[in-house]
Amino acid sequence: MTLRIGTRGSALALAQCGDVAELITERTGIATELVPVTTHGDVSQASLSSLGGTGVFASALREALLVGTCDIVVHSMKDLPTAPYPGLVIAAVPLRADARDALCARDGLTLEELPADARVGTGSPRRAAQLLARRPDLTVVDIRGNVDTRLGFVTSGELDAVVLAVAGLSRLDRTAAITQIFELDEWPTAPAQGALAVETVASFDRHGDSETARAVRAINDADAFVAAEAERAVLAGLEAGCSAPVGASARVGEHGIRLTASVYAGDGSSSVENDAQAVLPNLIDPSASSHPDGTGLDARIATASRIGFELAASLISAGAPGLAARP
């Protein structure tokens, strides 16, 4: 059997899907084939917010999975809507890449060193708000395009800088363009940024003997899965889309999880933030969905999701919905 892996056709999507394919073959010996799928988000030049957020990239992949064009699909998890999709499940999350954001500026400049009224590009309302919170004098420009297109705005002189995910720059070997990396404690990024979601049909049995079951068990990273789902639970609890001005960061340790989240006004003038932590159930089998005594991956995900929703509730009480709705 050759495992068919659905992916968007962009350079970044192909690179990250290729990494997953190589990992599957390396750990299981299962042959793989990439199946590129064109999405509406790839062909439209409208802003992401007008298209309904980054979830627009996921729909065509999911349709391809449901009709049997592929056996699994790989998403950038930060682009995946938090609501369950009928007939499909997230079956695995491989080891997470760097979750931080990076500035890529002309002349090696940092954010503090950019001149007044510098033009900085991003397609993310959250990044725009964070930029303006630090530097209200900047002109933030809404941009679209792949990583190289966005970096090209800087090299051409059209923009002074752009903000991109470290994970994407690393996967495309473009880290030389980075002039500053923003630490998560001060600059939380999109929920699940740097993580990949491997999605399958819901009838899939994680414990089964199928090639698909063996593949996803082999590449799953329990800590990455738990952290990403905690962050996504904040977004779900806020009832916000994946392009909302929300940042979240979870850290999973030996015995527990700590989750922090922030919601920003679109103009960066104010924000609310809070954190939560919880003890996680012991993980007997990192590849298992569940365990007779409830100490499998599902139990950890349930705990992480619970604190994510609780943290969202505290942010709502602090006025987060009003902030996120402001331009």
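Begin with the lining of the largest cavity, which by class has six nonpolar, four polar and two charged residues. In this classification Ala, Val, Leu, Ile, Met, Phe, Trp, Tyr, Cys and Pro are nonpolar, Asp, Glu, Lys and Arg are charged, and the others, Gly among them, are polar. The model is predicted: local features need pLDDT of at least 70 and side-chain atom pairs count only at pLDDT 80 or more, while totals for chains, interfaces and linings use all residues. Residues are numbered from 1 along each chain as its sequence is written, and side-chain values use heavy atoms, with hydrogens and water left out.

**The largest cavity**

Select T7, R8, A13, Q16, F57, A58, L61, V74, H75, S76, D79 and L80 to display this lining. Strand 1 (2–8), helix 1 (11–28) and strand 3 (72–76) are the elements giving two or more residues to the lining. Strand 3 gives the most, with three residues. The space in the largest cavity is about 100 Å³, and a search of the whole structure finds one cavity of 30 Å³ or more. A cavity is a set of points, on a 1 Å grid over the protein atoms alone, where a 1.4 Å probe fits but cannot get out; a pocket is an open set with protein on both sides within 12 Å along at least five of seven lines; lining residues have an atom within 4 Å of a point. Grid points are joined across faces, edges and corners, and a volume is the space filled by probe spheres set on the points. Helices (H or I, at least four residues) and strands (E, at least two) are DSSP runs, numbered from the N terminus.

Next, select the open sheet of five strands, whose order is 2-1-3-10-4 with mixed pairing. Two strands pair if DSSP finds at least two bridges between them. Strand 2 (31–37) and strand 4 (88–92) are the edge strands, each pairing on one side only. From one strand to the next, the twist averages 35°. Strand 1 and strand 2 run parallel and are joined by seven bridges; L3 has T32 of strand 2 as its bridge partner.

Axes are lines fitted to C-alpha atoms, for helices over the stretch in contact, and angles run from 0 to 180 degrees between N-to-C directions.

**Helix 1 against helix 8**

Now show helix 1 beside helix 8: their axes come within 9 Å and cross at roughly 100°. The two helices are therefore roughly perpendicular to each other, a term that covers angles of 65 to 115 degrees. For the contact (heavy atoms within 4.5 Å), select V20, L23, I24, R27 and T28 of helix 1 with R214, A215, A218 and I219 of helix 8. By class, this contact has six nonpolar, one polar and two charged residues.

**The second largest pocket**

Move to the second largest pocket, which holds about 410 Å³ of space. Of its 21 lining residues, T82, P84, I90, E229 and R232 lie nearest the centre. Strand 4, helix 9 (222–238) and helix 10 (297–317) each supply at least two residues of this lining, and the largest share, five residues, comes from helix 9. The lining has 12 nonpolar, three polar and six charged residues.

**The three-stranded sheet**

Follow helix 9 to strand 11 and strand 12; helix 9 lies across both, running at about 150° to strand 11. Three strands form an open sheet here, in the order 11-12-13 with antiparallel pairing. Strand 11 (246–252) and strand 13 stand at the edges, each with a single partner strand, so one side of each has no neighbour in the sheet. Neighbouring strands are turned by 10° against each other on average, direction ignored.

Finally, select strand 12 (residues 256–264) and strand 13 (residues 271–279), which run antiparallel and are joined by nine bridges. A261 stands opposite N274 in strand 13, and the bridge partner of S262 is E273. Their hairpin has six residues between the strands, and G268 takes a positive phi near 75° there.

Notes. Parallel < 35°, antiparallel > 145°, perpendicular 65-115°, else oblique.
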